[in-house]
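Hi there,

Here is the structure I promised to send over. Have a look at it first, and then read on for what turned up.

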Amino acid sequence: MSICNSASRLALVLSLSSVALPSIAADASSKLEEVIVTATREPANAGTLGASFSVVDRTRLEARQNPVLSDILRDLPGLSISPTGPVGAQTQIRIRGAEGNHTLVLIDGIEATDPVGNFELDFADVLTTGIERVELIRGPQSALYGSEAIGGVINILTREPVEGLDIEALGEGGSFGSMRFGTTVSGGTEKVGATASVGYFDTRGISASPTGSEKDGYENLTLSGKIVARPTDALTLGVTVRHVAAETEFDTQDFLTSEVIDADLVRKFDGFYGRAHGALALFDDAWTQRAAVELTKTDTDNFIDGAFDNSFEGQRFKAMYQSTVALAGTALTGAVEYEELTFKAINVDPNDPSNQRKKDDQTSLVGEWRGDVDETLFLTLGVRHDLNSTFADVTTWRAAAAYWLAPGTQIHTSYGTGVSDPTFFDRFGFFPDQFEGNPDLTPEKARGWDIGVRQDFLDDRLVVDVTWFSSNLRDEIISIFDFSTFLTTVDNQVGKSKRRGVEMTARYILDQSLFLDFAYTWLDASDPDGIREVRRARHQANASGTVRFLDGKGEATLAVNYNGKQDDLDFSSFPANQVALGAYTLVTLSASWQLMDGLEIFGRIENLLDQNYQSVLGFNTPGIGAYAGLRVRF
């Protein structure tokens, strides 16, 4: 396999804007000083947030060692991970039973969901190289981020520049003809700094067909970098860029039998993500401003038996200005955003009706108020009005509260509405004798709430959180078979889909030598007719433990991910029947040993129990695999 060369792309304009606003109020319990950048329009202290959130930090990323981020996100509550076969196959993430295209994904604040197709980010293409942390905010967040944020938001944050020089490099090889290399270089001064990362992953893989012999490989080259300058104490300027070039071999599914069979199919993906931003703080941070421009460009080429079949190109341009005034324990934010989407479909036959170009744009007005009523109660109110060029204008809103009932005891709750616009493919897509889009679709609409209790035990070494959530989705876009044309199309479903459940997390930390994490999710997700929605297990449980020994030179982590029984669609009958997929448990054991200062050997075993399972009906998944490598730090 080889990564196709991609032309350099950069269409960014520098702008003025603001430094991060400090927390609007002191943490009521003085125990949660972590800053969360995704849950509100300005970074805020975790102890003041009513939103339900999770964080994957660099410590966990390095302990788990996985090259692909989605394997680590399995640890989080409320997430359903659905890879369509082996490593590199299309991977969807659903939050709290919502659809895959209801998960809004940001990379360093850049909206990374693909402007083409289903408005999703394929998580198979997200490598862990250079990632510093991941923030997950659950529940409808359209008041903050607009369309697609019905289930929640995932923000992937890469490493920031450091003063001096910091270099890290690793190399790894193992089962299924797999190898990966990665390096991150960061450095600078007090006034300017830069970070650059290179990640490469290649695997011969396995056949996506359970009965096939042709291996379906995957290759990914990811380049990322950022520059941050602080000309004055009040002014910060920055540029972030990311480029992904990936190539996936995959098989086809025979819809007459639902069997996956060997085929010579290849997908080549090329993605560019860029952002230029600035921050300006005046009057001792009482008035902060920020502005940014972003560009996301994707190009997906499909090949059959080595010959070009079709291509889809998409582009998202965004511009934003935001102003925040913070006085007397409150912060009031106003923002205006502009977004322009373009879509282009190219078929091997220039006369094919699937060849087309489309364009949409939207202007949004956003307002948010955050404040501390007293030292124990923190409130957030947000509203957004979207002015669409294609669809009816829509207003979404959100409210959240965090209340410290007692030291170490917090009640958190939120209520919000969400919207998800039909994709270009849903509206205009066309495959002869297979699919025809529906230009009359209307946006999907949702509203949901959650309420939870967080309790600290054992002098804060043990933290337990239990959250109940519920949401409803109206006008869901579903597939419809037209008996008059024998084509599949899409339409808005009558009624509402219901999702409800319970999430529980627990974390125990002992003297930085032992970390224990546990998460459990019970999910009930059904269509308006009461039928359970597919690819959403009712029960999921995850547990992991990391132990450090011999003065921190050695480290070992055991992670267990349980996915209960779930349904999927069997297309061998008409209409398609739902069939049950069996429960499975994935166990990963990883360990590392510091040979000397700056040199570390590491290894892991994936699917330690050698489970034979399917996440999507008919598609094969890897068995047990072992990997080892070296990491160097300067």
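Helices (H or I, at least four residues) and strands (E, at least two) are DSSP runs, numbered from the N terminus. Please keep in mind that this is a predicted model, in which local features need pLDDT of at least 70 and side-chain atom pairs count only at pLDDT 80 or more, while totals for chains, interfaces and linings use all residues. Residues are numbered from 1 along each chain as its sequence is written, and side-chain values use heavy atoms, with hydrogens and water left out.

First, the overall picture. The protein has 4 helices and 37 strands. Its radius of gyration (taken over C-alpha atoms) is 24 Å, close to the 26 Å that the globule rule (2.2 Å times the number of residues to the power 0.38) gives for 634 residues, so the protein is as compact as a globular protein of that length. Along the principal axes, the C-alpha atoms fill a box of roughly 65 × 60 × 50 Å. Of the 634 residues, 55% count as buried. If we take contacts (heavy atoms within 4.5 Å) between residues at least 6 apart in sequence, 62% of them join residues at least 24 apart.

Now to strand S20 (residues 377–388). In a regular strand the side chains alternate between the two faces of the sheet. The covered face of S20 holds Phe378, Thr380, Gly382, Arg384, Asp386 and Asn388, and the uncovered one holds Leu377, Leu379, Leu381, Val383, His385 and Leu387.

Which strands pair with S20? Two strands pair if DSSP finds at least two bridges between them. Strand S19 (residues 356–372) runs antiparallel to S20, joined by 11 bridges, and Gly367 stands opposite Val383. These two strands form a hairpin with 4 residues between them. Strand S21 (residues 394–406) also pairs with S20 in the antiparallel sense, over 10 bridges, with Ala402 as the bridge partner of Phe378. S20 and S21 form a hairpin too, with 5 residues between them.

Leu387 of the uncovered face turns up again in a nonpolar patch on the surface, together with Phe283, Trp287, Tyr321, Val325, Leu327, Val336 and Leu365. The patch has about 720 Å² of accessible area (Shrake-Rupley method, 1.4 Å probe; for residues, only the protein chains shown count as cover). Strand S17 (residues 307–327) gives the largest share, 3 residues. Leu327 lies in S17 and counts as exposed because its relative accessibility is 54%.

Elsewhere, 5 strands form an open sheet with mixed pairing, in the order S3-S8-S9-S6-S7. Strand S3 (52–56) and strand S7 (110–111) are at the edges with a single partner strand each, so one side of each is left without a neighbour in the sheet. Inside that order, S6 (residues 103–107) and S9 (residues 152–158) run parallel, joined by 5 bridges, and Leu106 stands opposite Asn155.

Best wishes

Notes:
Patches are made of residues with over 30% relative accessible area and no salt bridge: like charges are joined within 9 Å, nonpolar side chains (Val, Leu, Ile, Met, Phe, Trp, Tyr) within 5 Å. A salt bridge is a side-chain nitrogen of Lys or Arg within 4 Å of a carboxyl oxygen of Asp or Glu. Buried means under 20% relative accessible area, exposed over 50%, partly exposed in between (1.4 Å probe, protein chains only).
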